[in-house]
Amino acid sequence: MKRTVPIVIAAATGFVLIVSSFIPLTEEWGSAAMQWFNILAAIAFVLGGSNLLRMNLQKISDRRLGWGYAAVTLVAFLVTLFVGLFKVGVQPTESFPTYAWAAPYNQEGSFLWWLFEYMYKPLQATMFSLLAFFIASAAFRAFRAKNPEAIALLATAFIVLMGRTYVGGLMREFLPERLEWLSFDAMTNYIMSVFNLAGMRAITIGIALGVASTSLKVLLGVDRSYLGAGDD
Amino acid sequence: MRRETLIWTTLMVLGGLALLGRAATVGNGRVYIRAVTVAEVEGVQVVQYQGVPPSQRSEADVSLSWPRTIGIWISALCTLGIMSFVLGDNPLYKLMESIFVGVSAAYLMVAAFWDEIVQNLFRSLIPGLMRDSFLPGLEAGLQTDYSYLAPLLMSGMMLWRLAPKGAWIARWPLAFFIGATAGFRLVSYLEADFTQQINNTIMPLIVYAADESFDIWGSIRNVLIVSGVLLGLVYFFFSVPHRGVVGGLARGGVWLLMITFGASFGYTVMGRIALLADRLQFLFDDWLWLIDPTMQRIGM
């Protein structure tokens, strides 16, 4: 019951989705399963949020190291949740002016929009932009031109990096017309449209085969790791 | 106080004072809006607030928006707080990180609630109530779709995971989730990534130009792509030992993959640099008003 039923559910759902791609009569089953899937994915966010709440409350009550930051996380979480669920600051729309709750939750000018625009977006963008430094520093420490293949990797990275800058295009002006292909931007275009394309295609085909075989293992009950190890 | 801390604190205080002085004199970081009444239905005015360039601030219907102005300053603080990690882990970075975790988790939950649970689940189960409240655009006479009791039940089972006992109940909706993902991915990956990529690789090795002359560069390009894909696939084929001819081909695959990884690395770094440039533009343009690439403050 605890382990067999989930395997049957996974197999049935998966095969319904596969069959719905081949038999038009079952197309509706597939779309219904996807709608249910989306609902469960939304519920998974609730589960994730609840876990975040529980973990941070635990940290605060235990007065563990950094509990103050856990309190900040909690306040940010609860404030955002409140203003989002209650649509604080949302104005009625032109289409339904008498329905206060009908306007979009992220309407421009609302509190949630403000949080998204002035906190979430800058924090996320800056965090990702910082990765430029860390990727570069990690590369500096890890990449060593110790064999021809590594030199190929470094050289390609250098050409693409230069080709995507202003300097890459500027080089064209100093080269004679018949040697323009030696400019960084021209070489970058060639690398991206030939070598990178071929390499990514081989990788993509490999990934697709890997996903297909892993999916089959799950659907046939060979891979049961998602059930966990314990009985409960 | 340590000497280094003293220097940093002094620099921060001086920088802060300089910023405040500049804000008071130049007015940087301010956002101006125009209130536009887009409709008036049944005595209810629908007003939209549109951001306008600071150069229009003296116009009659334009006013300073305090929420958006505070937003710009907080946004700048968030940006600087995260950037401070370059100097090492510090309390300001940790504070910003904590805020980011809280806001992003809640934002995703809110989006999931309004976009999926209300629009999909509640709409199907209680269409009348939804039409009278959140979704007035729903067509009249929409009947309850009882099949949606199944995802409702599974949602409850999934949330059971939070209960101290009977966590195994959550395995059933999880199995549905896993099964749906596996079924969907199996077909979509085989269709979009496997067959489509093979289809795109089947190309002429001898290319003729529009005037029917032999296109040598086009031919070389296609030969390189086709042979590159084959070499890459040989490298990934582990059922045969990589010795002899297969080993030689696999080695060619390694070369191709190295070039691909190098190109991907360069591309990724440049993507991050573009994000960084965007953040710096925000700081120098929207916040400090030191540059004006979009001519928003011309004539001020």
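Predicted model: local features only at pLDDT ≥ 70, side-chain atom pairs only at ≥ 80, totals over all residues.
Contact is taken here as heavy atoms within 4.5 Å.

Within chain A, residues G49(A), L52(A), L53(A), N56(A), L57(A), K59(A) and I60(A) of helix α2(A) meet W67(A), A70(A), A71(A), T73(A), L74(A), F77(A) and L78(A) of helix α3(A). Ten of the residues in this contact are nonpolar, three are polar and one is charged. Helix α2(A) spans residues 27-61 and helix α3(A) residues 67-85; their axes come within 9 Å and cross at roughly 145°. The crossing of α2(A) past α3(A) is left-handed.

The interface of the two chains involves 119 residues from chain A and 126 residues from chain B. About 11400 Å² is buried between chain B and chain A, with 80% of that area on carbon and sulfur atoms. On the side of chain B, the residues that lose the most area to chain A are Y107(B), M109(B) and R171(B), which together account for 7% of what that side buries.

Two salt bridges are found between chain B and chain A. One salt bridge joins the side chains of R68(B) and E108(A), at 3.0 Å from N to O. Helix α3 of chain B (residues 91-125) supplies 28 residues, the largest share of the side of chain B that touches chain A. That side of chain B comprises 85 nonpolar, 25 polar and 16 charged residues.

Technical notes: Residues numbered from 1 in each chain as written. Chains lettered and ligands numbered in written order. Heavy atoms only, no water. Axes fitted to C-alpha atoms, helices over the stretch in contact; angles between N-to-C directions. Helix = DSSP H or I, 4+ residues; strand = E, 2+ residues; numbered from the N terminus. Left-handed = near helix turned anticlockwise from the far one by under 90°. Nonpolar A, V, L, I, M, F, W, Y, C, P; charged D, E, K, R; others polar. Buried area = accessible area lost by both parts, 1.4 Å probe. Salt bridge = Lys/Arg side-chain N within 4 Å of Asp/Glu carboxyl O.
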